[in-house]
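Please read these points with the model open beside you.

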Amino acid sequence: MSTLAVIGTQWGDEGKGKITDYLAQDAEMVVRYQGGANAGHTIEIGKEVFALHLLPSGILRPGIINVIGNGVVVDLEALEEEMAKVKASGRSMEGLRISDRANVVMRYHRLLDGAEERQRGAKGVGTTGRGIGPCYADKVARQGIRVCDLLEEDELRDKLDAVYPLKERQLAALGGEGMPTKEELLRKLLSHGKKLDRHICDTSVLVNDAIKKGKKVMFEGAQGTMLDIDHGTYPFVTSSSCIAGGICTGVGIGPSLINEVVGVMKAYTTRVGSGPFPTELTDEMGEMLMTKGGEFGATTGRPRRCGWLDLVIVRHAVRLNGLSGLAVTKLDVLGGVGKINICTGYEIDGKLEESFPASLSRLQRARPVYQQLQGWEEFSAGKGADCAAKGYESLPSNLKAYLDFVSKNVGAPIRIVSLGKERDETIDLRSRKKQAVNSCY
Ligand code: GDP
Ligand code: IMO
Ligand code: MG
């Protein structure tokens with residue numbers, strides 16, 4: 001059995017797309033288990049740049065079965081648009097499978113998302129506006145429309161009859177406009193159903209069979225641990241279980257079937273949208289990270305807030321996901337910086353706090369405790385592929401010291417080192433003998 005999960009350890013945009021695409025070279029199946037079109041996973045292959053929202057990142061390599069699991073919320077229009085774009089690049093959609101149990105993001109979910117945000121005003125979450133929260137809320141309230149409903153007109157009509165008046169009233173109460181008619185919704189859904197029919201199946205059966213046959217299956221997380229509905233910076237989170245635990249419910253497999261869990265960690269921290277961010281930098285260094293790192297949302301184009309690496313949250317991610325290793329990205333962006341700060345704990349009300357607090361007011365009072373490390377000033381832009389070809393040992397000693405520090409502090413080995421956007425700007429340490437790592441905490 002060989003299964004591997006790729007999970008974000010921060011507030012999203014860690015480079016999960018790049019790492020999933022890289023690791024997909026060995027995979028036979030890639031599976032998304034949560035989130036929706038709020039995700040933006042960028043993959044650069046030479047001159048081609050893809051920002052994938054709903055399609056799993058294995059879609060760019062031939063011969064892979066790509067699965068949208070039941071835990072994903074599917075915006076059918078967005079999905080069809082994305083399929084057309086990727087198809088136009090010469091890739092096939094033959095291997096795409098969509099769970100018949102996945103919930104559908106309806107037009108009214110998007111409208112409600114916008115209307116709710118407007119009501120919250122300055123206290124808004126800063127959502128991506130993709131209807132994610134309202135769709136998951138309907139799923140839990142047992143009034144969602146599922147992918148299997150698209151294939152049964154009578155069933156779909158009954159469900160819409162029941163839910164439509166509720167949604168119409170809800171949107172009107174929030175001052176939202178543009179509610180489509182029930183007939184419009186029905187027509188569109190049935191037409192999507194017809195187009196997607198051959199991709200729809202019971203994906204839990206499919207994935208379990210693949211695992212039983214010893215196929216290499218990879219699970220691709222969207223968002224990141226700090227955006228997890230239970231363990232993130234609630235309420236400034238997304239509405240799904242982004243952590244490894246979400247794979248079981250979001251795919252329909254048992255926990256004993258997950259072999260390895262790789263956490264993707266950006267060499268610094270970013271976040272889009274509102275909410276606490278203890279190591280945020282509003283100075284020139286923050287500006288430099290944003291510009292040099294190209295830190296703009298792949299889904300909404302919003303500038304990302306930037307700050308120093310925060311190991312309190314990475315340790316949180318190691319524990320919650322049972323991470324067996326880390327893939328560290330964007331080390332090239334820190335190249336040329338003289339001194340690098342790493343947050344190892346928070347000082348709250350005069351006391352050292354080493355785990356991430358639940359209370360937002362405590363977080364607001366949290367002052368990061370930094371350890372300062374020497375940077376790798378000799379590493380300049382464009383050196384990624386060269387360094388990757390020469391291997392880990394050839395990396396600047398300060399960069400290796402930084403990776404050692406992170407690994408020991410969080411108690412997880414470094415498995416992948418990423419020095420640029422491209423596939424060949426990657427150092428793979430997975431075949432190195434597994435080293436023992438002792439956490440400082
Ligand atoms: P995701 O949502 O976790 O998949 O991440 P995004 O795609 O939203 O954002 C990560 C960005 O960083 C993308 O533009 C990637 O092409 C880019 N990226 C990934 N790894 C590296 C790296 O090691 N170095 C640099 N410079 N860029 C990277
Ligand atoms: P990837 O997969 C970064 C953030 C939004 C907002 C909060 C809730 O590219 O890492 P939502 O629309 O989900 O209800 O918004 O979550 N958010 C992301 N931030 N990367 C993402 O995805 C995100 N998906 C949602 O900015 O703060
Ligand atoms: Mg992203």
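1. On a 1 Å grid over the protein atoms alone, a pocket is an open set of points with protein on both sides within 12 Å along at least five of seven lines. A cavity is a set of points where a 1.4 Å probe fits but cannot get out. Lining residues have an atom within 4 Å of a point. Points are joined across faces, edges and corners, and a volume is the space filled by probe spheres set on them.

2. Ground rules. This is a predicted model: local features need pLDDT of at least 70, side-chain atom pairs count only at pLDDT 80 or more, and totals for chains, interfaces and linings use all residues. Residues are numbered from 1 along each chain as its sequence is written, chains are lettered from A and ligands numbered from 1 in the order in which they are written, and side-chain values use heavy atoms, with hydrogens and water left out.

3. The largest pocket. It holds about 820 Å³ of space. Its lining has 44 residues, and Val125, Thr127, Val237, Thr238 and Ser239 lie nearest the centre. Helices (H or I, at least four residues) and strands (E, at least two) are DSSP runs, numbered from the N terminus. α3 (107–120), α4 (132–140) and α5 (153–173) are the elements that each give two or more residues to this lining. α4 gives the most, with seven.

4. Ala, Val, Leu, Ile, Met, Phe, Trp, Tyr, Cys and Pro count as nonpolar, Asp, Glu, Lys and Arg as charged, and the others, Gly among them, as polar. On that scheme the largest pocket is lined by 16 nonpolar, 17 polar and 11 charged residues.

5. The second largest pocket. Here the space is about 520 Å³. Of 27 lining residues, Gly15, Thr42, Gly293, Lys330 and Lys421 are closest to the centre. α1 (16–23) and β3 (41–45) are the elements that give two or more. β3 has the largest share, four residues. The classes are four nonpolar, 10 polar and 13 charged.

6. The cavity. How many cavities of 30 Å³ or more does a search of the whole structure find? The search finds one. The volume of the largest cavity is about 30 Å³. Its lining is Lys18, Asp21, Ile43, Glu44, Lys421, Glu422 and Arg423. Six of these are charged, one is nonpolar and none is polar.

7. Two strands pair if DSSP finds at least two bridges between them. An open sheet of 10 strands runs β9-β7-β5-β2-β10-β1-β11-β15-β19-β20, with mixed pairing. β9 (200–201) and β20 (426–428) each have a single partner strand, so one side of each lacks a neighbour in the sheet. β15 (325–329) and β19 (414–418) pair in the parallel sense over three bridges. Valine 328 has valine 417 of β19 as its bridge partner.

8. Ligand 1. It is surrounded by 18 residues (a heavy atom within 4 Å). The closest are Lys16, Gly17, Thr42, Asp332 and Ser418. Polar contacts are pairs of N or O atoms within 3.5 Å. A backbone N or O atom of lysine 16 lies 2.7 Å from a ligand 1 oxygen. For a polar side-chain atom of serine 418 the distance to an oxygen of ligand 1 is 2.5 Å. Alone, ligand 1 exposes 590 Å², and the protein buries 95% of that (Shrake-Rupley method, 1.4 Å probe).

Technical notes:
Polar contact = N/O pair within 3.5 Å; in protein donor to acceptor, adjacent residues only side chain to side chain.
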